[in-house]
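Work through the exercises below with the model open. Each task is followed by a stepwise solution.

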Amino acid sequence: MTLVSESQHGARKHRWWRVLRWTGIGLAALAILLAAGGALWNWAATQYYREHYPAPGKMYTVNGHSMHLYCTGSGSPTLILDSGLGDDWTVWQKVQPTLSKTTRVCSYDRSGLGWSDELSPEHDANTLADQLHALLQAADIRKPIILMGHSMAGVYDRAYIAHYPGDVAGMIFVDASSPDQFKRFPPQILENLQSYYSTRLKWLTVFGIARATGKCEQIVPGLEFERGFIYANNCKISVVDTNFAEFNDIDHSSDETRHTGPFSNLPILVMTEDPQIFANTDSDSIPPEIGKKSSILWESMQEDLKHLSSNGRRIIAKGSGHYVEVDRADLINREVPVFIQQVRSGQVPADNGTTKVE
């Protein structure tokens, strides 16, 4: 009896191992199928939006690759709109139509963003400045130009004027980054960004999890009318890769531009977010005291931008967050045409050197 029981017990144990093994194989196969299905779904959704919402403007060949440039209006100097880290031409669409009534205005997509191909694996400030210069040459944009850069593009635009000073008639910084910001900010700020730009985000996108959880449909409030164009790129794998590449090159870009300026009497307009908004930004990962300290440092760095020229002034956009071109498009649409007229006339404004809240 004992021998029979042991034999039966061994057989049952073997059967359970077989069940567990095949269950594991089945679950693994299901996981692979779900991952493949999510990746296919993400690719198909991206293709759908890109086919149904083709970018306006023209494509130009730069270094053997295609770059997107969208120009409207007429007149000189041409205003070049340069977007922040990971953003494309769509962030300017609450201001480009109005500004185009004053002069020619061109928004574009940097290497690997929006509808532009990746021109090279390098995404540092000097490389991006050279690529923009080549794009403007390919599009036959008349010089000099006015550069208008949001956030990290403020750093890239400093590289441009350092390389091509004769090309630039004026600069507009829209809540722009400083080459020294991550040396001056509390370490928690950089740690928070590093946590966001992690490989986890890349794989969530690749396997369609980001799309399933609605992250691909996240839009900067105020740009809902551009949702089709934005959806076309929010979860495009190559765009996500470029976001990471630009972030990983921040130190390199900062080193390249830290010693640029001052720029003599070049007309400069600095437009910045409301410091109260910055200080009180709700974030689970940034304690309130760190937010307040960072806001004070950001204010100081914005003042530094104003002092890059003896012909600079600053406007604080009351009630605006980081995307001033969205939150206070009315202010940009009012003040930038005034600045353009200043550049055209060569006159120094009566409020030169001031910082105002509007």
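The coordinates come from a predicted model.

**Exercise 1. Which residues are linked in a network of salt bridges?**

Step 1. Side chains of opposite charge can pair when their charged atoms come close.
Step 2. The network joins Arg313, Arg334, Glu335, Asp351, Lys356 and Glu358.

**Exercise 2. Characterise the salt bridge between glutamate 358 and arginine 334.**

Step 1. Take the distance. The closest N and O atoms are 2.5 Å apart.
Step 2. Locate the partners. Glutamate 358 sits in the segment after strand E9 (355-357), and arginine 334 belongs to helix H15 (residues 329-345).

**Exercise 3. Is arginine 314 buried or exposed, and which residue is its salt-bridge partner?**

Step 1. Find the partner. Arginine 314 pairs with glutamate 299, with 2.5 Å between the closest N and O atoms.
Step 2. Arginine 314 is in strand E8 (residues 312-316), while glutamate 299 is in helix H13 (residues 288-306). The pair therefore ties together parts 15 residues apart in sequence.
Step 3. Apply the cut-off. Buried means under 20% relative accessible area. Arginine 314 has 2%, so it counts as buried.

**Exercise 4. Describe the salt bridge of aspartate 255 and the exposure of its partner.**

Step 1. The side chain of aspartate 255 meets that of arginine 258, at 2.7 Å from N to O.
Step 2. Arginine 258 has a relative accessible area of 21%, so it is partly exposed.

**Exercise 5. How do helices H3 and H4 cross?**

Step 1. Two packed helices are described by the angle between their axes and the distance between the axes.
Step 2. Take both values. The axes of H3 (residues 125-138) and H4 (residues 153-163) come within 8 Å and cross at roughly 65 degrees.
Step 3. Name the geometry. Angles of 65 to 115 degrees count as roughly perpendicular. H3 is therefore roughly perpendicular to H4.
Step 4. Assign the hand. The crossing is right-handed.
Step 5. List the contact. H3 contributes Ala125, Asn126, Leu128, Ala129, Asp130, Leu132, His133 and Leu136. H4 contributes Val155, Tyr156, Ala159, Tyr160 and His163.
Step 6. Sort the contact residues of H3 with H4 by type: 9 are nonpolar, 3 polar and 1 charged.

Definitions and conventions:
Residues numbered from 1 in each chain as written. Predicted model: local features only at pLDDT ≥ 70, side-chain atom pairs only at ≥ 80, totals over all residues. Heavy atoms only, no water. Axes fitted to C-alpha atoms, helices over the stretch in contact; angles between N-to-C directions. Helix = DSSP H or I, 4+ residues; strand = E, 2+ residues; numbered from the N terminus. Parallel < 35°, antiparallel > 145°, perpendicular 65-115°, else oblique. Left-handed = near helix turned anticlockwise from the far one by under 90°. Contact = heavy atoms within 4.5 Å. Nonpolar A, V, L, I, M, F, W, Y, C, P; charged D, E, K, R; others polar. Salt bridge = Lys/Arg side-chain N within 4 Å of Asp/Glu carboxyl O. Buried < 20%, exposed > 50% of the residue type's maximum accessible area, 1.4 Å probe, protein only.
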